Amino acid sequence: MFTAKCHCRDCQELSSSGYMFVIAYSEDTDSMSGPMTYDEKVADNGQKVQERYRGECSSRIGARCDSLPGVVLIAAGSLDDPSAVSPEMEIYTARANHSGI
């Protein structure tokens, strides 16, 4: 559906940087397999987020957000070849870190 640099606070914390490069696709085409665990929380915008973790290592690999119904987000860094995609836009820019560092 789209690729983006996400500046939400959760992505900043998870990436230990100012943003996370995410890939968004329709949940209708979700074909991830293997053991997964899920955790639901409230995001910094007040909406619910369901985070998805790999069962074997507990690495966060994706999320579903109430603010983006029908969309699954995955971290581009979790791909075998993240250079195959590039960000098309930036989202949650109001929360971007503009410290200049």
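Ala, Val, Leu, Ile, Met, Phe, Trp, Tyr, Cys and Pro count as nonpolar, Asp, Glu, Lys and Arg as charged, and the others, Gly among them, as polar. The model is predicted: local features need pLDDT of at least 70, side-chain atom pairs count only at pLDDT 80 or more, and totals for chains, interfaces and linings use all residues. Residues are numbered from 1 along each chain as its sequence is written, and side-chain values use heavy atoms, with hydrogens and water left out.

Figure 1. Helices (H or I, at least four residues) and strands (E, at least two) are DSSP runs, numbered from the N terminus. From that end, the order of elements is β-α-β-β-β-β-β-β. The radius of gyration is 13 Å, close to the 13 Å from the globule rule for 101 residues, so the chain is as compact as a globular protein of that length. This radius is taken over C-alpha atoms, and the rule is 2.2 Å times the number of residues to the power 0.38. Along the principal axes, the C-alpha atoms fill a box of roughly 40 × 30 × 25 Å. Buried residues (under 20% relative accessible area, 1.4 Å probe, protein chains only; exposed is over 50%, partly exposed in between) make up 33% of the 101 residues.

**Figure 2. The open sheet of 7 strands.** The strand order is E3-E4-E5-E6-E2-E1-E7, with mixed pairing. Two strands pair if DSSP finds at least two bridges between them. E3 (36-42) and E7 (89-91) are the edge strands; each has a single partner, so one side of each lacks a neighbour in the sheet. Twist from one strand to the next averages 30°, using lines fitted to C-alpha atoms and angles from 0 to 180 degrees between N-to-C directions.

Figure 3. Arg64 sits opposite Val72 in E6. Their hairpin has 5 residues between the strands, and Gly70 there takes a positive phi near 80°. E6 is mostly covered, with 5 of its 5 residues buried. Val71, Leu73 and Ala75 point one way, while Val72 and Ile74 point the other.

**Figure 4. The largest pocket, about 240 Å³ in volume.** Among its 26 lining residues, Cys8, Cys11, Arg60, Cys65 and Leu73 are the closest to the centre. On a 1 Å grid over the protein atoms alone, a pocket is an open set of points with protein on both sides within 12 Å along at least five of seven lines, and lining residues have an atom within 4 Å of a point. The volume is the space filled by probe spheres set on the points. Helix H1 (9-15), E2 (20-26), E4 (48-54), E5 and E6 each supply at least two lining residues. E5 gives the largest share, 5 residues. By class, the lining has 17 nonpolar, 4 polar and 5 charged residues.

**Figure 5. Ala84 in the loop between E6 and E7.** Ala84 is exposed, at a relative accessible area of 60%. Asp44 lies 40 residues from Ala84 in sequence and 30 Å from Ala84 in space, C-alpha to C-alpha.

Methods: 1 Å grid on protein atoms, 1.4 Å probe; cavity = no way out; pocket = protein on both sides within 12 Å on 5 of 7 lines; lining within 4 Å.
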